Amino acid sequence: MRPEPRLIEVRKNVLKQNDVVARSLRDRFHAAGVFVVSLVSSPGSGKTAFLEKTLTLLRPNYRVAALVGDLATENDALRLARSQAPVKQITTGTLCHLEAAMVQNALEQSALEEKKWNLGQLDFLFIENVGNLVCPSSYDLGEDLRLVLISVTEGEDKPLKYPTIFNSADVAIVTKLDLAAAVDFDWQAAYANIQAVRPGMPVFKLSAKTSEGMDDYMQFLATRLRELRPASLEAIL
Amino acid sequence: MHELSIAMSIVELAEEEAERRSVHIDAVHLKLGALSGVVKEALLSCYEMACEGTPLQGSRLIIDEVPVIIFCPSCQAQRPLNSLQLFCCPECGTPCSEIVQGKELEVVALEINECAPNLA
């Protein structure tokens, strides 16, 4: 006789494996005193141009590096290398998002290279995710700050269409501000939509091309680094 | 579309439990939050694919959809969210950013049959 099926309680987070790796990355980053920023957006919203500008502006005063994820090609890494900052490409193949283990692998690989990255000698590490507004929301990468980008050409209602990713992010960046007039971009509407899906979210509007608005963002990053550092310096002393 | 890799993680997790307890799994019960970033229908069809050729082949995935609950700082109370497009209190309209529930992606229970371990 076949017995009645029985229900047993399990309670296990499906993404536990990723979360465990992400937590160990975060601990490693904090012990090294490096502030880690990840970038998510749809393809073509200007992540790479924005990151290239960010690296170029930070480099005179800070030690910076970047990991960049794409399905294929090393084009973005080559573009970012123009900033003279150390850059590594993570090629995901067919995977539509980065996972914490890929970040970990990339860092381990870099340790084997001749000019290896020493996290303790970095101020900022940037992680550019694969262009995708859906899947990256579920995966913690151990970052301190997640930026979600929307360009003025994408329409003001992007936050309403993709509330989950906006909700998983800490800061919104409106890019390509130099094109705002050409596409009749409505800043008030975009700002209201961001606040509707993520009340209180800080928003920066800027142009990587003309540098308009980049100063405020640079100051914001500098402040966040200072906030991170005292605690980690105390740990050393 | 990351539902296939999520489905594979679910199967892997369930398989481990089945092996550890030497039981046959008839069904996996999953809590799926509205803010988990995972689509129920896509996950269901991916689950079938992920089970193929594993001891879980033929098992069912039972999804319990979890709505978003926010904490309203004005009412000092938990409230259900009416729309993912508007994070504010349905009672008083105060913007709410504190999420109490709705991000779940969790295997909560397994329906098992102790006499017939799954055969690979």
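In strand E3 of chain A, Val64(A), Ala66(A), Val68(A) and Asp70(A) point one way, while Ala65(A), Leu67(A) and Gly69(A) point the other way, and all of them are buried. A residue is called buried if 20 or more other C-beta atoms lie within 10 Å of its own, exposed if 12 or fewer do, and partly exposed in between, with C-beta atoms placed from the backbone. Strands (E, at least two residues) and helices (H or I, at least four) are DSSP runs, numbered from the N terminus.

The structure is a predicted model, in which local features need pLDDT of at least 70 and side-chain atom pairs count only at pLDDT 80 or more, whereas totals for chains, interfaces and linings use all residues. Residues are numbered from 1 along each chain as its sequence is written, and chains are lettered from A and ligands numbered from 1 in the order in which they are written.

**Chain A as a whole**

- Chain A contains eight helices and eight strands.
- For 237 residues, a compact globule would have a radius of gyration near 18 Å, and the 19 Å of chain A agrees with this. The radius is taken over C-alpha atoms, and the globule rule is 2.2 Å times the number of residues to the power 0.38.
- Along the principal axes, the C-alpha atoms of chain A fill a box of roughly 75 × 45 × 40 Å.
- Buried residues account for 43% of the 237 residues in chain A.
- Two residues are in contact if their C-beta atoms, placed from the backbone, lie within 7 Å. Among contacts in chain A between residues at least 6 apart in sequence, 74% join residues at least 24 apart.

- Strand E3(A) covers residues 64-70, and seven of its seven residues are buried, so the strand is largely enclosed by the rest of the structure.
- Two strands pair if DSSP finds at least two bridges between them. Five bridges join E3(A) to strand E5 (residues 124-128) of chain A, and the two run parallel. Within this pairing, Ala65(A) stands opposite Leu125(A).
- E3(A) is also joined by five bridges to strand E4 (residues 87-91) of chain A, again in a parallel arrangement. Here the bridge partner of Asp70(A) is Thr91(A).
- From E3(A) the chain crosses through helix H3 (residues 75-81) to E4(A), and this β-α-β crossover is right-handed. With the strands pointing away from the viewer, right-handed means that the path from the first strand over the helix to the second runs clockwise.

**Lys88 of chain A**

- Lys88(A) lies in strand E4 of chain A. Lys88(A) counts as partly exposed because it has 19 C-beta neighbours inside 10 Å.
- Leaving aside neighbours within four places in sequence, Lys88(A) is in contact with Leu67(A), Ala77(A), Ala106(A) and Ser110(A).
- Lys88(A) and Leu78(A) are 10 residues apart in sequence and 9.2 Å apart in space, from C-alpha to C-alpha.

**Strand E6 of chain A and its partners**

- Strand E6(A) spans residues 145-151, and six of its seven residues are buried, so this strand is largely enclosed by the rest of the structure.
- Four bridges pair E6(A) with strand E2 (residues 35-40) of chain A in the parallel sense. Val37(A) has Leu145(A) as its bridge partner.
- E6(A) is joined to strand E7 (residues 171-175) of chain A by five bridges, and these strands run parallel. Leu147(A) stands opposite Val171(A) in this pair.

**Where chains A and B meet**

- Contacts link 30 residues of chain B with 28 residues of chain A. On the chain B side, helix H1 (3-21) and strand E6 (105-113) are the elements that give two or more residues. E6(B) gives the most, with nine residues.
- An open sheet of four strands has the order E1(A)-E6(B)-E1(B)-E2(B), with mixed pairing. E1(A) and strand E2 (60-66) of chain B stand at the edges, each with a single partner strand, so one side of each is left without a neighbour in the sheet.
- Strand E1 (residues 6-13) of chain A and E6(B) are joined by six bridges and run antiparallel. Ile8(A) has Leu110(B) as its bridge partner.
- Seven bridges join strand E1 (residues 24-33) of chain B to E2(B), and the two run parallel. The bridge partner of Gly33(B) is Val66(B).
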